[in-house]
Amino acid sequence: MRTLSAAESVTPAIEHAKAMFLPFSLPRVLKLGLVALLAELSAQFFFPPGSTRSHSNGQPSFSVTPHLAIILAVIGILFFLVGLCFVYFGSRMQFVLMDLVAYRTTFVRPSWRRHASQTWPWIGLKIGSFLLILAAIGIIAVWPILHFVRSIPAGTNPAQSAGFFGHFLLLFIMIAGAVLVMMLCLWFLRDFVLPFLVFEGTTIRTALSRAFDLVRNEPADALLYFLLKLVLTIGTAIAAELCIIAAALVAAIPLGLVGGALWLLLRNAGEIGTLLLSIGLGLLCVIFAACILLAVICIVGAVLVFYQAYTLYFLGGRIPALGNLLEPPPPPIMEATPMQPSPA
């Protein structure tokens, strides 16, 4: 497969994603959509509140008893375990999604088993990178935060208000920059490091080295890739939102007509009619929610599959094993051997 630029990878990625979803089959589309959504999961850690509120008389609203402390500890451990499950399944589905798109298949089990040993090193790399980037951003943001806190106006002095808004703008720019840096680091790990793990079976250190070499040898192409992916992310997010709204309207119109008909028929039918009306409206709400959920899975799943195909086509010419999957080489031509004359 020849090496494609970031712009040249868009068209084959669209065709590849279309081929995976067409002809339309709801079970296949839902399966791909669920895998893609699970691949985007990240851990969510929640901590129980550690402070107590006070009444006006200064007395605490409640006291932390040993039983309450045990309950809070159990809840915290449960939330941590749920978050860890999200990290594990989301990280493992990233391997599965990359395999499914590259091999043009929907069989999850072979890929799930193939990359089992690489899951925890990949999770460790993501968590370590996140903590390192967070620490670096925290060190850089200390000075703007301190100046922002000191510039909070105590009165109505215009000079103090102007300084406050200036520091607020600086802090806002830094937060936006930190979010952008986090997003670029996430894309670098998922788009440039993970493919070497999946298709070449390398170690984390080798995959990182190969990814950095790719960026170092082709800085312009890598920068264009990230810029174009940012533009595609914004554009596809808007398009997906419009499609979900359209699907909601398509589902709401007939369900709304049915609900209106039920209300007209049963509003004066006494207690039994009121009960039936409540049950009918509840079922219609459940059906509407199910339709929206199906639309989100299908639409967002298609967008995520396109993102994955875009990454693979950009790297296909740079990773030979991946390129042979996306564009299989032609079979070798067998040369005909001349016939040897048989002895008389």
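Visitor: Is Asp191 buried or exposed?

Guide: In this predicted model, Asp191 counts as buried, because its relative accessibility is 2% and the cut-off for buried is under 20%.

Visitor: Where does Asp191 lie, and where does Lys229 lie?

Guide: Asp191 belongs to helix α6, residues 158-200, whereas Lys229 belongs to helix α8, residues 219-266. The pair therefore ties together parts that are 38 residues apart in sequence.

Visitor: How far apart are the closest N and O atoms of that pair?

Guide: They are 2.5 Å apart, and the two residues form a salt bridge. Lys229 is buried, as is Asp191.

Visitor: Which residues are linked with Asp191 in a network?

Guide: The network of salt bridges links Arg190, Asp191 and Lys229. Between the side chains of Arg190 and Asp191, the N to O distance is 3.7 Å. Arg190 is buried, with a relative accessible area of 13%.

Visitor: How many salt bridges are there by this rule?

Guide: The count comes to nine. One further pair is Asp213 with Arg216, whose side chains meet at 2.5 Å, N to O.

Visitor: How are Asp213 and Arg216 placed in their helix?

Guide: Both are in helix α7, residues 204-217, and because they are three residues apart, about one helical turn separates them. Asp213 counts as partly exposed at 28% relative accessibility, while Arg216 is exposed, with a relative accessible area of 56%.

Visitor: Let us step back to the whole chain. What is its secondary structure?

Guide: The protein chain has 10 helices and zero strands.

Visitor: Which residues touch the most other members of the largest nonpolar core?

Guide: They are Trp122, Phe192, Val193, Phe199, Leu312 and Leu322, in a core of 62 residues. Helix α9, residues 270-316, gives the most to this core, with 15 residues.

Visitor: What is Phe199 in contact with, leaving aside its neighbours within four places in sequence?

Guide: Phe199 is in contact with Met98, Asp99, Ala102, Leu312, Ile319, Ala321, Leu322 and Leu325. Two of these partners, Leu312 and Leu322, are also among the core residues named above.

Visitor: Which residues make the nonpolar surface patch?

Guide: The patch, of about 770 Å², is made by Ile70, Val74, Ile77, Leu78, Phe80, Leu81, Leu84 and Trp120. Helix α3, residues 66-103, contributes the largest share, seven residues. Trp120 is found in helix α5, residues 119-150.

Visitor: What span should α3 have, and how far apart are its end C-alpha atoms?

Guide: At 1.5 Å a residue, the 38 residues of α3 should span 56 Å. The end C-alpha atoms are 55 Å apart, which agrees with that expectation.

Visitor: What comes just after α3?

Guide: Just after α3, Arg104 takes a positive phi of about 55°, although Arg104 is not a glycine. Arg104 lies in the loop between α3 and α4, the latter being residues 108-114, and is partly exposed, with a relative accessible area of 42%.

Visitor: Which peptide bond is cis?

Guide: The bond from Leu22 to Pro23 is cis, with omega near -5°. Pro23 lies in the loop between α1 and α2, where α2 covers residues 26-39.

Visitor: And Ser9: where is it found?

Guide: Ser9 is found in the segment before α1, which covers residues 10-21. Ser9 is buried, with a relative accessible area of 0%.

Visitor: How far apart are Ser9 and Thr311, in sequence and in space?

Guide: Ser9 and Thr311 are 302 residues apart in sequence, and their C-alpha atoms are 8.0 Å apart in space. Leaving aside neighbours within four places in sequence, Ser9 is in contact with Leu4, Tyr310, Tyr313 and Phe314.

Note on methods:
Residues are numbered from 1 along each chain as its sequence is written. This is a predicted model: local features need pLDDT of at least 70, side-chain atom pairs count only at pLDDT 80 or more; totals for chains, interfaces and linings use all residues. Side-chain values use heavy atoms; hydrogens and water are left out. Helices (H or I, at least four residues) and strands (E, at least two) are DSSP runs, numbered from the N terminus. Patches are made of residues with over 30% relative accessible area and no salt bridge: like charges are joined within 9 Å, nonpolar side chains (Val, Leu, Ile, Met, Phe, Trp, Tyr) within 5 Å. Accessible areas come from the Shrake-Rupley method with a 1.4 Å probe; for residues, only the protein chains shown count as cover. A salt bridge is a side-chain nitrogen of Lys or Arg within 4 Å of a carboxyl oxygen of Asp or Glu. The expected span of a helix is 1.5 Å times one less than its number of residues. A nonpolar core is a set of buried Ala, Val, Leu, Ile, Met, Phe, Trp, Tyr and Cys residues joined through side-chain atoms within 4.5 Å. Buried means under 20% relative accessible area, exposed over 50%, partly exposed in between (1.4 Å probe, protein chains only). Contact means heavy atoms within 4.5 Å.
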